[in-house]
Each structure stands twice: as structure tokens, then as C-alpha cells.
Amino acid sequence: MSENGISTSQRPSVSMNQRTFTADFGLTSLQLSKERAIMRADLHDKLRNDAGAAALGMLTTVVDIVTSTPPLAVCSPDWVATQDLSIHTAEPLTEGPIVVDTHLVRVGKKTVHVAAQIFDGRGSSGLEELVAALDDGALQPAGRGLVTFVRLPRAAAAGSGYYNPSEWVGAIHEFPREHIDGSIYSRLGMRTLDARAGVLELDLTPFVANMIGTIQGGAQALLAEHAAHTVLPGFVATDFQAHYLSQVKVGPARSHVTVVRETKDHAIVDVRLVDAGADDQVLALTTVTLRRLPFS
């Protein structure tokens, strides 16, 4: 197999060096072109929800990371930040690895739109093998996503000089692989202030921060997901929609849950995230859809 004139056996490999809460995701990405990027992620027990499937916040984190690379490649030297993100799963992802295939949809003067398809790798571990399976149609989508990014001056992302997807075409990138204690939910150190109202807090620390200094969009999704689970035990999140409105300036990020609908088999909640240290400035408005356990 070859892509862009580069033999897959000769692809350069680059290791990323920033340690965050994703360090045990086993993230590996391949920028096939400036418009398309693929990422694989491990699926082990610490990254699963109560149904034994990939946690929705984990999927959101992976999608948020990999969908940013096509916009950064085509908009260079500009930087980008997540503005809107939605994920809808068609079935639980239980075997792994997780595979996300992204395609640039539209590039505007102020925003960029990227589509994502999410797959269960069904035991295939190699990235090149997974790319071949995707291109052959051997894998069926288990979920879909759409992400809108806003364009920013590159100066907004301190220390981003090494992160240049426009130079990555044909290269395999290895993200940090380190042991992280705790489940995908407990490792972030979220505190529950009021379980019935879904009031949880997440501090702004380097462990969950992105390059523009706010809490990473995937970590905010995990806060919203965990808050929804706290209000509705016995349910697991399956779909997620977020409108990111502002950056965390002080922290902690605090969640507030409103149950919109609850039936025998599913529920819908709105989760508002605010910056508790900055007069409750609204950070994100999110909607989480959940299914009741056990799944039929």
C-alpha cells in the first residue's frame, strides 16, 4: 500500500511529548493528506463506561484531537479552536481499537468544518492495516461526528511551534504512552458538589489543558458526561452535542444538569458548564443523550 507517493513501510514516525490525561489512550495518527487524517486509540478497561463500551467522553476527546489536524494543516499559520462538536453513536464500541477517519468539509475565513466517522477496529491493531480496511470498506461506522473550528492567530497557542500538521503528510505520529492511574472519569479529579443537580467541578491544570490554556474540549465533554451519569445512574451516554462559548480563565469548570426527558429506555439532559472562578461565565452548552442499562 502507498499513499501520496510514500510507501507505508517507509513512513517517518514522530513522537509527541506532551503528557495529559490521554497518555494511556495509545494515540497514533496518520495525516494522509492535508484534508484527511486518521487516528487509532486503544480501548482498555479504564476507558470504558458502565456498559463495557468506550466512554463517550473518551470518543469525544479522540475526535476533538484528530479533527483539528486537517484545519491546522490547511489554515497554517493560523491556529484553530473547537467551537461546536457533535457525536452520535450507532452502536456501542466494545472491542477496539477505536478508529476515527476525518475529512475536511469546508474552509471559511472564520470557521472550518470537519466530519468524522468512528469505527470499532475489531481487533486490528496496526494503523496501516486499519487504513487499508477503511479504504476497502471492510469496517462499518459505529458513530459519526461533526466539528466546527474557529480560526485564531497562532500566537494564541503558546508553545505550539512543534505542532505543525501541514508538515505531517505521510508521517505517523505517536502520542505519549504513559501509565495513568484511574478510570477515564476518576483520573481527572472531578469533585461532586451536588449529585442530584449534577454539580461537579474540574480544575484547570496542565493535565487537562490544551495549547491555548483552557480545559481541553474532550475533558469538558467528560465532565458533562460524568455529571449526566451522576444525575441519572443506570444510564450511559451515547450522543453528545456541545457549543463551546468561552475559555476557562480561572476555574474550576462547574457543571449544572437539567433533565429534559426521561423514559424507560433513554434520557436527554442539558449540561451547562461555567467558570466558577470567573463569575460563572458560561463555558459550554451541551446536550447529552443516554440509554438505560442494560441495553436490549
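The largest nonpolar core has 77 residues. A nonpolar core here is a set of buried Ala, Val, Leu, Ile, Met, Phe, Trp, Tyr and Cys residues joined through side-chain atoms within 4.5 Å. Buried means under 20% relative accessible area, exposed over 50%, and partly exposed in between, with a 1.4 Å probe and protein chains only. Met-58, Ile-98, Leu-188, Phe-240 and Leu-290 have the most contacts inside this core. Its largest share, eight residues, comes from helix α4 (residues 217-231). Apart from it lies another core, of 12 residues, including Ile-38, Ala-133, Leu-139 and Ile-172.

This is a predicted model: local features need pLDDT of at least 70, side-chain atom pairs count only at pLDDT 80 or more, and totals for chains, interfaces and linings use all residues. Residues are numbered from 1 along each chain as its sequence is written, and side-chain values use heavy atoms, with hydrogens and water left out.

Leu-188 touches Phe-21, Leu-202, Phe-207, Val-208, Ala-219 and Leu-222, not counting residues up to four places away in sequence. Contact means heavy atoms within 4.5 Å.

The structure holds five aromatic pairs. Rings of Phe, Tyr and Trp (its six-membered ring) pair if their centres lie within 6.5 Å; planes under 30 degrees apart count as stacked, over 60 as edge-to-face and the rest as tilted. Phe-21 and Phe-207 have ring centres 6.5 Å apart and planes at 65°, so this pair is edge-to-face. Phe-21 sits in the loop between β3 (13-15) and β4 (28-31), and Phe-207 in the loop between β12 (199-202) and α4, so the pair ties together parts that are 186 residues apart in sequence. Both Phe-21 and Phe-207 are buried. Trp-79, Tyr-162, Tyr-163 and Trp-168 form one aromatic cluster.

Next, the strand pairings. Helices (H or I, at least four residues) and strands (E, at least two) are DSSP runs, numbered from the N terminus. Two strands pair if DSSP finds at least two bridges between them.

| Strands | Sense | Bridges |
|---|---|---|
| β14 (residues 253-262) and β15 (residues 266-275) | antiparallel | nine bridges |
| β15 and β16 (residues 281-292) | antiparallel | 10 bridges |

β14 and β15 form a hairpin with three residues between them. Arg-261 stands opposite Ile-268 in β15. The hairpin of β15 and β16 has five residues between the strands, and Asp-279 takes a positive phi near 55° there. Arg-272 has Leu-285 in β16 as its bridge partner.

His-256 lies in strand β14. Its relative accessibility is 25%, so His-256 counts as partly exposed. Beyond four places in sequence, His-256 contacts residues including Ala-197, Val-199, Asp-270 and Arg-272.
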